[in-house]
Amino acid sequence: MATAKPYFASVNGEPVESPTVSTWDVSFQRGLGIFEVIRILPNGKLRAPDLHWDRMLSSADAIDAKDALPPKHKMMEWMATAAESQGEGYIRIIVTLGAEDANNEALSTLAPPNVYIMWHPMPKWPSAFSLKPLYAPWHTAGKGNWNNNQPAPKVTSYGPNVLSSRSAKRDGFTDALLLTDAAPSHSSVREAMDLAEMFVLDGPNFAVGWIGSSGKSNKEGSAPCIYFPSSSELGLLKSTTQQLIMTIVKQEYPEWTIEEGIYRLQDMLDVADEPFVMSSTRGIIPVTTIGDVGRFELGPFVPKLQRSLQEYTKQLSSAAAALEQSTNE
């Protein structure tokens, strides 16, 4: 593995010093594109690349942009090159759609779809998060059949999410907890604007969950339950880290239970002992504060999940390295 450089970028698999995007590209003009963020493990291998590829396909399908994606083997090769050249960190993949002007076909030559891959060093996250609950009227989750019941796409239109993070940080929080006033089969609470009665979605660029008692008992007492806002019912982006956590729990902690549903903030506060945030770059980080309505002590279960996720990703990394070696022999 080469020594990490200050930066790395490629366009359609070709390394470049300073990538550029055409001003004719609809992804630049209107923010219609897709992206992914994938963690690079210490041995230079990508964490769960197939989960991210599946989500890219789903996102491209949702915005009618499958033609902008290269074949899987090419994308995997481009991502691996970026990861192995730089080492531990993460890569950001942005797929632009090119020019879309029915009255000027020549623009499609000037601005074709492109795949940009940029390497970044790992952020330094705090050991615990504080979240500011914020009403997110721009959020499509919970708004019904807005996209023909397809999974939420990971698109490049992230302006309001970025502003919500900035708002939370200005008020002294680590980040924001986004809420909606509408959810399937639930009545609207827009008139009351009571945050506690709004429905929990996610963060601006991370998913959320919380651990509480399931009410079931085992030899050690009450078994924990992990609660997640339902991506399928709410139309949320499907978290790859959540998928890994659910696999780990089923394999290592069969006595635990997992519930996915639609929860008001008050529902969360009523049962949560250990809330947490999760993402490719964050892994799992406990939450100790939610606005002025929730204070939480650090408990035993989130650290268990943190250790299990680290070990599981090491196993995935070793398996990927072994497969690569056997393929090259």
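This briefing covers salt bridges, a strand pairing and a charged surface patch in the structure above. The model is predicted: local features need pLDDT of at least 70, side-chain atom pairs count only at pLDDT 80 or more, and totals for chains, interfaces and linings use all residues. Residues are numbered from 1 along each chain as its sequence is written, and side-chain values use heavy atoms, with hydrogens and water left out. Helices (H or I, at least four residues) and strands (E, at least two) are DSSP runs, numbered from the N terminus.

**Salt bridges**

- The count comes to five salt bridges, each being a side-chain nitrogen of Lys or Arg within 4 Å of a carboxyl oxygen of Asp or Glu.
- Glu84 pairs with Lys45, with the closest N and O atoms 3.0 Å apart.
- Glu84 is partly exposed at 31% relative accessible area, whereas Lys45 is buried at 13%; buried means under 20%, exposed over 50%, and partly exposed in between (1.4 Å probe, protein chains only).
- Lys72 and Asp50 form another salt bridge, at 2.9 Å from N to O.
- This pair links distant parts of the chain, with Lys72 in helix α3 and Asp50 in helix α2, 22 residues apart.
- Both ends are partly exposed: Lys72 has a relative accessible area of 35% and Asp50 one of 40%.
- Lys132 and Asp171 also meet in a salt bridge, with an N to O distance of 2.3 Å.
- Here Lys132 lies in strand β6 (residues 129-135) and Asp171 in the loop between α5 (159-170) and β7 (175-180), 39 residues apart.
- Lys132 is buried at 16% relative accessible area, while Asp171 is partly exposed at 48%.

**Strand β3 and its partner**

- Seven of the eight residues in strand β3 (residues 33-40) are buried.
- β3 and β4 pair in the antiparallel sense over eight bridges; pairing requires that DSSP finds at least two bridges between two strands.
- Within this pairing, Phe35 stands opposite Ile94 in β4.

**Negative patch**

- Asp61, Asp64, Asp67 and Glu100 gather in a patch of negative charge on the surface.
- For such a patch, residues need over 30% relative accessible area and no salt bridge, and like charges are joined within 9 Å.
- The charge is placed at CG of Asp or CD of Glu.
- Glu100 sits in the loop between β4 (89-96) and α4 (107-110) and is exposed, with a relative accessible area of 54%.

Terms used
Patch = residues over 30% accessible without salt bridge, like charges linked within 9 Å, V, L, I, M, F, W, Y side chains within 5 Å. Areas by Shrake-Rupley, 256 points an atom, 1.4 Å probe, with all protein chains shown as cover. Lys, Arg positive; Asp, Glu negative; His and termini not counted.
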